Structures are given as C-alpha cells and as structure tokens.
Amino acid sequence: MHEYTSTARVWGLSCPGFPEEVSRARRWTRDILRGSPLAEDAELIVSELSANAILHTASGLTSGSFHLALAVSPQVIALSVTDDGGTGMAPKVEHQDQEAEHGRGLGMVTAIAHRVVVHDSDAGHTVTAELYRDIRPGDSPC
C-alpha cells in the first residue's frame, strides 16, 4: 500500500444549530453506515452529541452551528461533534437520577462507546466517540 493511502474513509457535515438538524444528522449517519452492525449505536451517539451541542452551547444560538465528522476504518468507527463553544465548561459526564429529564446524554454515550474523548478549545468543544468493530463495550481493544 502507498504511504499516503489509507483504508479509512472520512465524511463531514455542517448543520445550522436548529433542533430539526439533529434528525438530519441521524439520517446522514444512518445512510453512511447502512448495513453496519454498529449503525444504530452510531446513530444514537450522533443524536445525543448533536442535541447537546444545540442545547448547551452557542451552537443553539441564532447564527450557531455544529459540525460532524465520521471516520470509518476496518477497526473503528469514530464520530465527532464539534460545537461553537460559548460556555465556560467542557462537556462532562454527569450521573443523574434515572427520572431526570436532562444530564444523562453524555453518560449514555460513554456507556455505548468504547472510548469517548472531549477536546476543548477557544473555538468550541469536540466530543469524539469511538466504536470498535468486533469488540464488545468493556473489552480491551488490544
């Protein structure tokens, strides 16, 4: 294989920060991952991360937006959502009561994904969730 060639494929999508764009992000993810056994998990993760961006950051303001990246390789599916920031805190997992209406989304993403990483910058936050192929959550990828 050539040194600049990769078997990974990467897609990107930018969405205005409107609530109806969450369903667009889900459809986009479902279309790309059609036939993958991880498609439903990926769709749920994108839905939660996109909704969080709109609800909790400047992405949900009038001129706000959020951006998705989806990378697929033979070993992993990586889903990233980048928001417009505007909050003093990076996203974090909160342990909420089962009856709570808010605050459980990132915890659910963490339970589904094999790995979740939050990157914080002046421009916003990027949450990346990785789903490893052929490995159950809780198993080591190595």
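Mentor: Let us begin with one hairpin: strands β4 and β5 form it, with 2 residues between them. Helices (H or I, at least four residues) and strands (E, at least two) are DSSP runs, numbered from the N terminus. Please note that this is a predicted model, in which local features need pLDDT of at least 70, side-chain atom pairs count only at pLDDT 80 or more, and totals for chains, interfaces and linings use all residues. Residues are numbered from 1 along each chain as its sequence is written, and side-chain values use heavy atoms, with hydrogens and water left out.

Trainee: In what sense do β4 and β5 pair, and over how many bridges?

Mentor: In general, strands of a sheet pair through backbone hydrogen bonds, either parallel or antiparallel. Two strands count as paired if DSSP finds at least two bridges between them. Here β4 (residues 115-121) pairs with β5 in the antiparallel sense over 7 bridges. Within this pairing, Ser-121 has Gly-124 of β5 as its bridge partner. Strand β3 (residues 76-82) also pairs with β5 in the antiparallel sense, over 7 bridges, and there Thr-82 stands opposite Thr-126.

Trainee: What is the order of the strands in the sheet?

Mentor: The open sheet has 5 strands in the order β1-β2-β3-β5-β4, with antiparallel pairing. Its edge strands are β1 (9-16) and β4, each of which pairs on one side only. On average, neighbouring strands are turned by 15° against each other, direction ignored. Such angles run from 0 to 180 degrees between N-to-C directions, and the axes are lines fitted to C-alpha atoms, for helices over the stretch in contact.

Trainee: Which strands does helix α1 touch?

Mentor: Contact means heavy atoms within 4.5 Å. Helix α1 (residues 21-32) packs on the sheet and touches β1, β2 (65-72) and β3, its direction making about 165° with that of β1. Helix α2 (residues 39-56) lies across β2, β3 and β5 and runs at about 15° to β3.

Trainee: Is strand β5 mostly covered or uncovered?

Mentor: A residue is buried under 20% relative accessible area, exposed over 50%, and partly exposed in between (1.4 Å probe, protein chains only). By this rule β5 (residues 124-132) is mostly covered, with 9 of its 9 residues buried. Both of its faces are covered: Gly-124, Thr-126, Thr-128, Glu-130 and Tyr-132 lie on one side, and His-125, Val-127, Ala-129 and Leu-131 on the other. For the protein chain, 39% of the 142 residues count as buried.

Trainee: Which residues of helix α3 are buried?

Mentor: In α3 (residues 105-112), they are Gly-105, Leu-106, Val-109 and Ile-112. These residues lie on the same side of α3 because they cover an arc of only 120° around the axis. The arc is that of the directions from the helix axis to the C-beta atoms. The buried residues of α3 pack against α2, β4 and β5.

Trainee: In the largest nonpolar core, which residues touch the most other members?

Mentor: A nonpolar core is a set of buried Ala, Val, Leu, Ile, Met, Phe, Trp, Tyr and Cys residues joined through side-chain atoms within 4.5 Å. The largest one has 28 residues, of which Ile-45, Phe-66, Leu-68, Ile-77, Leu-79 and Leu-131 touch the most other members. The elements giving two or more residues to this core are β1, α1, α2, β2, β3, α3 and β5. Helix α2 gives the most, with 7 residues. Beyond residues up to four places away in sequence, Leu-68 touches residues including Trp-11, Leu-13, Trp-28 and Val-46.

Trainee: How far apart are Val-76 and Ala-8 in sequence and in space?

Mentor: Val-76 belongs to strand β3. Val-76 and Ala-8 are 68 residues apart in sequence and 9.0 Å apart in space, C-alpha to C-alpha.
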